[in-house]
Amino acid sequence: DAARARDGWAALRAARLSKYTPPVQPVTTFRDHILVVDQTAGDASIRVAGAGPETFQKMLAVARAEHPGSQIVVKTHPDVMAGRKNGHFRKEDLRPDEVLLATDINPWDLIENARAIYTVSSQIGYEAALAERPVRCFGSAFYAGWGLTQDEVACERRDRTLSPDELFAGCHLRYPVYYDPFHDRLGTFEETLSTLALQLAAETPAPDCKGEVFVGVRRWKRRNLTLFRPSLPDAPVFAKDEASAQQAGAAPGRQTWFWASKSPLSATGPIREAGGRAGFVEDGFLRSVGLGAALTQPASLVFDHKGIYFDPSAPSDLEELITQAAEGAVDLPRAAALRQQIVAARVSKYNVGAGGAISPKRKPAILVPGQVEDDASILRGTDSVRTNLDLLRAVRARNPDAWIIYKPHPDVEAGLRKGVIAPSAVAELADSEACDHSPTDLIDQVDAVWTMTSLLGFEALLRGVPVTCLGAPFYAGWGLTTDLGAVPDRRQARPSLDALIWASLIAYPSYRDPVTGLPCSPELIVERLATGVRFPKSGTLSRLQTIFARQSWLWRR
């Protein structure tokens with residue numbers, strides 16, 4: 001267990017996880033302080049450790065005597081802060097220069113910055129001992145007596161000295177039983193650590209953020225969207241338009257999020273100019289089993305503080321992540337494993353369409369994915385070629401002898417969005433039309449993919465198929481595609497495919513498990529997509545309202 005314990009302990013500390021980990025930003029106010037840890041009055045861990053209420057008063061007195069003139073910080077137990085239980089210290093018990101810390105902060109900030117830690121039997125003492133900080137134990141805690149703490153109470157049967165790794169292996173790897181909520185079975189320490197780390201990241205708000213404002217979010221999306229956001233003092237506000245958003249977003253501590261496909265990049269300007277925080281939210285790249293236009297809730301969203309991935313006119317968080325991945329140390333083995341998992345599971349964004357072969361009659365065989373023509377990725381990410389018909393014409397003009405397979409967008413096939421090409425035009429320009437076909441099956445049968453900005457181009461890259469872009473999707477301009485459209489000059493980095501995957505599928509999106517509702521990893525979402533887990537949909541009224549809004553293009557023509 002030595003290597004596993006060493007890795008596990010390092011991962012636990014790096015994740016900033018403790019027994020009770022509050023979802024708050026680190027506090028760095030205290031430095032070189034003396035940490036005195038309070039516990040709940042009457043707790044069994046105090047009694048069985050051979051201690052009592054008087055022990056806490058003695059502990060504080062010893063800390064004062066051993067560190068005269070030092071800053072003493074008394075950490076209150078979370079249950080006391082919540083009003084559920086009583087502690088052993090009140091503010092009037094302390095001297096004017098001592099601090100009773102009754103606010104949520106990460107215990108690691110107190111441990112790592114402390115000169116010494118005084119405890120009766122708190123788990124904070126255990127974590128401090130593992131971190132090889134000076135720990136004085138006034139009770140016979142489970143971690144005392146092993147040579148890692150200075151002990152006031154002896155336990156004679158603990159007659160050997162343990163290393164931090166050995167103590168961790170016994171306490172975290174061998175003794176507990178772990179539960180995996182995603183698969184409803186017993187789990188491992190590592191799985192539990194990953195689950196809690198994701199939950200902590202999802203629940204940690206931006207510094208000083210008190211509430212959030214959302215703009216342009218349809219009613220059917222709202223409940224699911226809030227599952228992706230941390231708990232905040234103020235309830236989320238759903239603004240009806242930019243004017244009301246600016247008013248709500250101007251309140252101190254508010255973060256405003258615009259639904260990206262419904263709002264121009266300029267929408268954030270007034271809020272940012274007034275000193276507020278604003279960004280964009282949109283569906284992620286591993287989305288669901290079922291169409292967004294059919295009101296299937298997404299399993300992933302992206303929250304971008306700078307711009308949005310499908311609009312190349314301005315930088316985005318994704319561009320920055322791709323550049324970082326190309327230049328720095330990221331988890332490329334994990335990205336490679338995720339890519340292999342996606343390919344093996346035959347997963348795509350919407351996971352709709354039947355299988356089946358097209359059987360191209362000659363080479364090269366080129367797949368041309370149609371898109372929703374009034375989609376924001378077309379309106380903002382293309383210049384000269386902006387319709388499915390023009391795309392087919394451009395591909396045929398440059399590839400007169402190729403076998404061209406045209407795949408209509410599933411939203412268009414379903415009659416929910418704009419982008420239909422007349423059958424006669426398809427027959428003139430394409431050799432095959434792949435209606436209701438699985439995109440992954442089609443990618444496997446072709447030699448290349450030509451697209452404006454479709455995510456299918458990204459999915460083809462994952463499968464090693466060459467991609468030519470006539471627009472500027474997020475994956476173009478990095479040296480991985482042939483680019484015939486205008487891509488931003490700022491995309492100078494040259495990431496590997498796995499670096500692009502790390503940025504796009506691991507670092508950029510947020511994921512929620514459609515089964516448990518918990519924050520989760522992209523690997524779990526791929527598993528859910530591959531096994532056909534049913535993804536939730538909105539209610540009937542919201543569905544009717546949104547479908548009518550989606551189809552309004554029919555009577556505007």
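Me: What should I know about the model and the numbering?
Reply: This is a predicted model, where local features need pLDDT of at least 70, side-chain atom pairs count only at pLDDT 80 or more, and totals for chains, interfaces and linings use all residues. Residues are numbered from 1 along each chain as its sequence is written, and side-chain values use heavy atoms, with hydrogens and water left out.

Me: How many helices and strands does the chain have, and what makes a run count as one?
Reply: The chain has 23 helices and 20 strands. Both are DSSP runs, numbered from the N terminus: helices are H or I with at least four residues, strands are E with at least two. Along its principal axes, the C-alpha trace spans about 90 × 50 × 45 Å.

Me: Why is Tyr-178 called buried?
Reply: Its relative accessible area is 15%. Buried means under 20%, exposed over 50%, and partly exposed in between (1.4 Å probe, protein chains only). Tyr-178 is therefore buried. Phe-189, at 4%, is buried too. Of the 557 residues of the chain, 54% count as buried.

Me: Why is the pair of Tyr-178 and Phe-189 called edge-to-face?
Reply: The search of the whole structure finds 22 aromatic pairs. In this one the centres are 6.0 Å apart and the planes 65 degrees apart. Rings of Phe, Tyr and Trp (its six-membered ring) pair if their centres lie within 6.5 Å; planes under 30 degrees apart count as stacked, over 60 as edge-to-face and the rest as tilted. So Tyr-178 and Phe-189 are an edge-to-face pair. The pair links distant parts of the chain: Tyr-178 is in strand E7 (residues 178–180) and Phe-189 in helix H8 (residues 189–203), eleven residues apart.

Me: What makes Tyr-309 and Phe-310 an edge-to-face pair?
Reply: Their centres are 5.3 Å apart, with 85 degrees between the planes.

Me: How do you know that the charged end of Arg-229 sits over the ring of Phe-303?
Reply: The charged end is 4.1 Å from the ring centre. A charge sits over a ring if NZ of Lys or CZ of Arg is within 6 Å of the ring centre and within 35 degrees of the ring normal. Arg-229 counts as sitting over Phe-303.

Me: Why are H19 and H20 called oblique?
Reply: The axes of H19 (residues 455–462) and H20 (residues 497–507) come within 11 Å and cross at roughly 135 degrees. That makes H19 oblique to H20. Angles under 35 degrees count as roughly parallel, over 145 as roughly antiparallel, 65 to 115 as roughly perpendicular and the rest as oblique. Axes are lines fitted to C-alpha atoms, for helices over the stretch in contact, and angles run from 0 to 180 degrees between N-to-C directions.

Me: Which residues of H19 and H20 meet?
Reply: Phe-458, Leu-461 and Leu-462 of H19 meet Leu-497, Leu-500, Ile-501, Ser-504 and Leu-505 of H20. Contact means heavy atoms within 4.5 Å.

Me: Why are H13 and H20 called roughly perpendicular?
Reply: H13 (residues 332–345) packs against H20 at about 80 degrees, with the axes 8 Å apart. That angle lies in the 65 to 115 range, so the two are roughly perpendicular. Residues in the contact include Leu-332 and Ile-342 of H13, and Trp-502 and Ile-506 of H20.

Me: What makes H1 and H8 roughly parallel?
Reply: Their axes come within 11 Å and cross at roughly 10 degrees. This is under 35 degrees, so H1 and H8 are roughly parallel. Arg-4, Gly-8, Ala-11 and Leu-12 of H1 touch Phe-189, Glu-190 and Leu-193 of H8.

Me: Is Pro-312 buried or exposed, and why?
Reply: Pro-312 has a relative accessible area of 11%, so it is buried. Pro-312 lies in the loop between strand E13 (300–304) and helix H12 (317–327). Leaving aside neighbours within four places in sequence, its contacts include Arg-380, Ala-472 and Pro-488.

Me: Is Asp-159 buried or exposed, and why?
Reply: Asp-159 has 67% relative accessibility, which is over 50%, so it counts as exposed. Its place is in the loop between strand E6 (150–151) and H7.
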